[in-house]
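Me: I'd like to understand the terms used for this structure. Could you take me through them?

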Amino acid sequence: MFESSLKQLGDALRAKKISSVELTQLYLDRIAQLNPGLNAYVTLNTEASLAQAKAADAMLAGGDAQAMTGIPVAQKDIFCAKGWRTTCGSKMLDNFVAPYDAHVIEQFNRAGAINLGKTNMDEFAMGSSNETSYFGAVKNPWDNARVPGGSSGGTAAAVAARLCAAATGTDTGGSIRQPAALCGISGLKPTYGVVSRYGMIAFASSLDQAGPMGRCAEDLALMMNTMAGFDERDSTSLQRDKEDYARDLDKPLNGLRIGLPKEFFAEGLGSDVAKAVEAAIAEYKKLGATVVEISLPNTRLSIPVYYVLAPAEASSNLSRFDGVRYGYRAPDYTDLADMYEKSRAQGFGAEVKRRIMIGTYVLSHGYYDAYYIQAQKIRRLIAQDFVEAYKHCDVIMGPTSPSTAFKLGEKGDDPVQMYLSDIYTIAVNLAGLPGMSIPCGFGDNDMPVGLQIIGNYFDEARMLNVAHQYQLATDWHSRAPQI
Amino acid sequence: MQWEIVIGLEVHAQLSTNTKIFSGASTAFGAEPNTQADAVSLALPGVLPVLNKGAVERAIKFGLATGAHIAPRSVFARKNYFYPDLPKGYQISQFDLPVVGQGALTIQVEPLSGNAKPYEKTVRITRAHLEEDAGKSLHADFHGMTGIDLNRAGTPLLEIVSEPDMRSAAEAVAYAKALHTLVRWIGICDGNMQEGSFRCDVNVSVRKPGGELGTRREIKNLNSFKFMQQAIDYEVQWQIDTIENGGKVQQATILFNPDTGETRAMRSKEDAHDYRYFPDPDLLPLEISPEWIEQMRATLPELPQTKQARYVNEFGLSAYDASVLTSSREMADFFEAALGDAAAQAKICANWIIGEVSAQLNRDGLDMAQCPITAQQLGGMLARIADGTISNSGAKDVFRTMWAEGGDADAIIETKGLKQVSDSGAIEALVDEIIAANADKVAEYRSGKDKLFGFFVGLAMKASKGKANPAQLNDILKQKLAG
């Protein structure tokens with residue numbers, strides 16, 4: 001049952017081979033057994049999950065079930081879910097129970113899916129290893145001494161360890177794709193604006209995008225059908241016709257033009273990762289694709305640009321966490337300024353404070369033009385690189401991350417080394433493009449390697465098709481860690 | 001030494017939308033604290049702003065009414081600072097790209113010194129931009145603590161910034177009043193100053209005529225024209241005294257205390273915030289099409305200045321009368337409804353409204369909207385004056401009754417028997433009797449004592465109980481006395 005695809009689970013539920021309550025209980029039991037070792041979930045609400053499962057069974061009995069009805073889905077703890085503690089991985093929100101549902105949560109509820117629990121994450125989604133979480137690091141299910149990646153590390157570990165059927169993540173600079181790669185699962189960051197950000201706690205508003213994480217591309221397509229869609233409560237949500245993301249899964253790949261950016265295969269890329277990615281490209285050629293070398297010359301600037309823009313937006317987005325209305329307030333303070341200072345000093349972790357300080361600095365009078373404005377200009381150049389590239393290819397492929405999962409604590413003291421692990425993913429967010437990662441082998445340390453597929457705007461269905469055809473021909477996506 | 005006063009105004013007009021500028025919460029005044037604070041007003045994690053179209057429409061109307069450029073593309077920016085009644089830790093405002101560009105307002109200035117003549121002046125408006133209001137901090141009822149009421153947070157404001165074009169308190173007050181009239185006239189603001197719907201910040205400096213601009217101090221939050229006058233007078237004298245005593249004016253934000261009539265510095269320039277403005281990534285740039293502007297133009301009423309000119313040209317009213325009648329839309333509407341199509345009666349109609357009606361309203365402490373007699377009722381009475389049914393003194397009687405008891409002119413004339421006698425036969429008979437009874441005086445008159453004419457008029461009026469048509473009576477008397 002734990003190895004079934006979402007489609008198989010849905011069929012089993014609709015055929016009454018298993019009830020949603022039984023399925024949910026199976027997962028809850030597995031979580032109870034394995035989560036203490038992995039720390040993938042920060043909040044469970046067994047009662048609420050089972051109540052949803054009961055309601056889903058009623059829907060199934062009534063014959064009005066949809067694709068996701070009755071299926072247990074884990075939610076990254078960045079989404080507000082009514083009645084659920086919603087922490088965003090921070091002490092600041094340790095005591096915050098959301099009074100409303102995020103759009104994504106609403107969509108799953110409407111579809112009759114089960115909220116199985118809230119998954120661990122880097123604090124306010126700031127991190128690439130899940131080590132910045134106030135609730136402790138998540139362990140990589142393939143090797144408990146290694147990180148699962150971040151910031152959607154809890155989600156990635158939960159999917160890899162079969163602690164949920166599928167799960168949600170968010171991706172600001174690689175936070176879906178990098179942990180998907182490091183945990184050997186599939187993950188999709190849609191085009192900016194395809195999934196509503198309403199109710200998703202903001203890190204960097206112009207980059208944040210929610211997406212699905214699961215065991216295979218076919219599962220991601222079903223998840224996308226639930227998550228995507230226009231929402232008038234998010235002004236950056238795009239008004240587009242509803243689409244079926246599974247519609248092109250079975251198309252052959254004959255004639256597919258794959259662009260390989262030479263900058264993605266240069267210095268800094270681990271040789272084991274390069275080998276696995278090259279093998280995947282060879283597989284694609286067998287499937288009928290052709291390969292063309294392209295160049296994304298401004299990619300090298302994406303990390304500095306990102307670490308100006310994302311902290312700038314974050315410094316402002318996180319101002320609301322001031323101890324006045326909700327969340328953490330320091331127990332002792334002398335006056336208003338002292339309350340702000342102590343609450344924020346005690347409520348935020350080191351990485352969050354670092355980014356708030358960077359962001360405050362780059363927006364300050366006298367520095368704004370040199371940093372923020374300059375970064376916005378380069379952001380447009382980076383996006384323009386992709387426009388040029390797509391004149392010559394249909395999808396772009398390369399590694400998701402320069403290395404496989406590193407050891408817990410290995411990069412803790414060097415933020416810049418940590419930031420570099422997102423070198424291949426960040427440009428995609430800056431351009432607002434869709435990107436995904438699928439498993440394509442293992443590195444020298446037997447840890448999973450991710451293949452990144454970058455599509456043109458709104459090409460999610462095509463990308464899922466490209467991933468699915470590969471997954472029909474290979475079995476990397478069905479390898480599971482021994483736990 | 002002679003000093004020139006330089007004044008510029010920043011006015012915050014609360015726009016008369018039912019809901020807030022970025023959420024669906026009510027903007028009604030006076031509700032229990034925080035009952036109008038929805039998730040967006042509280043800045044809960046994950047909420048997003050959605051722009052209220054009604055606020056934009058009102059900004060467009062203002063721009064059109066002041067002949068300003070409406071920006072086809074304007075941008076919302078975040079103004080970052082911490083304060084307990086600012087729930088997000090930033091205010092959404094507009095910074096370098098406001099919705100309304102440069103415009104102008106022509107004002108009638110009545111100098112305060114008795115012998116100077118009223119004059120016209122055009123004040124340039126630098127810009128007007130949309131922004132949200134903050135909440136309120138309540139200090140009174142909470143011992144050692146501060147209460148926060150977020151009902152007002154997110155209320156739409158139009159901040160209207162003038163050039164430093166005003167040269168006296170009288171000009172500043174005239175401009176503020178004209179603006180106050182205009183925003184109510186075009187229906188974008190209720191203008192209620194007690195409730196804070198129209199708040200003025202006044203920048204004051206002094207300089208030697210024609211010299212460099214002096215250092216300004218900003219008087220914040222004046223909510224009455226009287227206080228504005230007093231505050232400016234005090235501040236100007238303070239600045240002149242300071243300079244003449246060898247001191248220097250320091251840039252500062254100051255408050256006016258109505259109880260003492262003095263201004264006092266709140267914070268100096270050294271304490272000025274660095275607001276770290278940057279474009280709000282949660283909101284797309286505001287785009288306004290020419291079609292939208294034309295739609296708004298079509299909804300604009302005839303503006304006060306246009307009306308004034310028309311009253312002078314079409315009805316032959318004096319500039320003064322025209323400006324009084326257009327001091328509010330209610331007044332102008334009342335005038336036009338009372339006048340109907342009797343254009344020839346414009347002057348007398350104006351006299352009644354500016355005279356009797358305004359005086360009675362003043363006495364009873366009412367405003368035009370609360371006037372106990374309708375424009376139609378007044379018009380009916382004016383028609384009876386015009387057709388000679390009642391005399392002017394009879395009309396005063398009718399008016400008093402109408403005001404106190406209601407009813408139409410015709411009914412009042414009937415019941416009170418105020419109809420004047422215009423039957424020439426009846427008047428002739430009456431005149432004949434008087435001539436017969438006063439042979440001596442007639443003789444005196446005929447021998448050249450013209451002054452006696454008034455004596456005969458008096459007798460005749462008395463005999464007719466005041467109802468004789470005066471013009472007719474004059475003619476007949478003259479004729480008969482001439483023998």
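Reply: Gladly! A nonpolar core is a set of buried Ala, Val, Leu, Ile, Met, Phe, Trp, Tyr and Cys residues joined through C-beta atoms within 7 Å. Buried means that 20 or more other C-beta atoms, placed from the backbone, lie within 10 Å of a residue's own; 12 or fewer is exposed, and in between is partly exposed. The largest such core has 229 residues, with A:Val73, A:Cys164, B:Ala172, B:Tyr175 and B:Val202 having the most contacts inside it. This is a predicted model, where local features need pLDDT of at least 70 and side-chain atom pairs count only at pLDDT 80 or more, while totals for chains, interfaces and linings use all residues. Residues are numbered from 1 along each chain as its sequence is written, with chains lettered from A and ligands numbered from 1 in the order in which they are written.

Me: What makes B:Met228 a contact of B:Ala172?

Reply: Two residues are in contact if their C-beta atoms, placed from the backbone, lie within 7 Å. Leaving aside neighbours within four places in sequence, B:Ala172 has such contacts with B:Ile7, B:Leu9, B:Met166, B:Val202, B:Met228 and B:Ile232.

Me: Why is chain A called as compact as a globular protein of that length?

Reply: The radius of gyration is taken over C-alpha atoms, and the globule rule is 2.2 Å times the number of residues to the power 0.38. For 483 residues the rule gives 23 Å, and chain A comes out close to that at 21 Å, so the description holds. Its C-alpha atoms fill a box of roughly 65 × 55 × 45 Å along the principal axes, and buried residues make up 61% of the chain.
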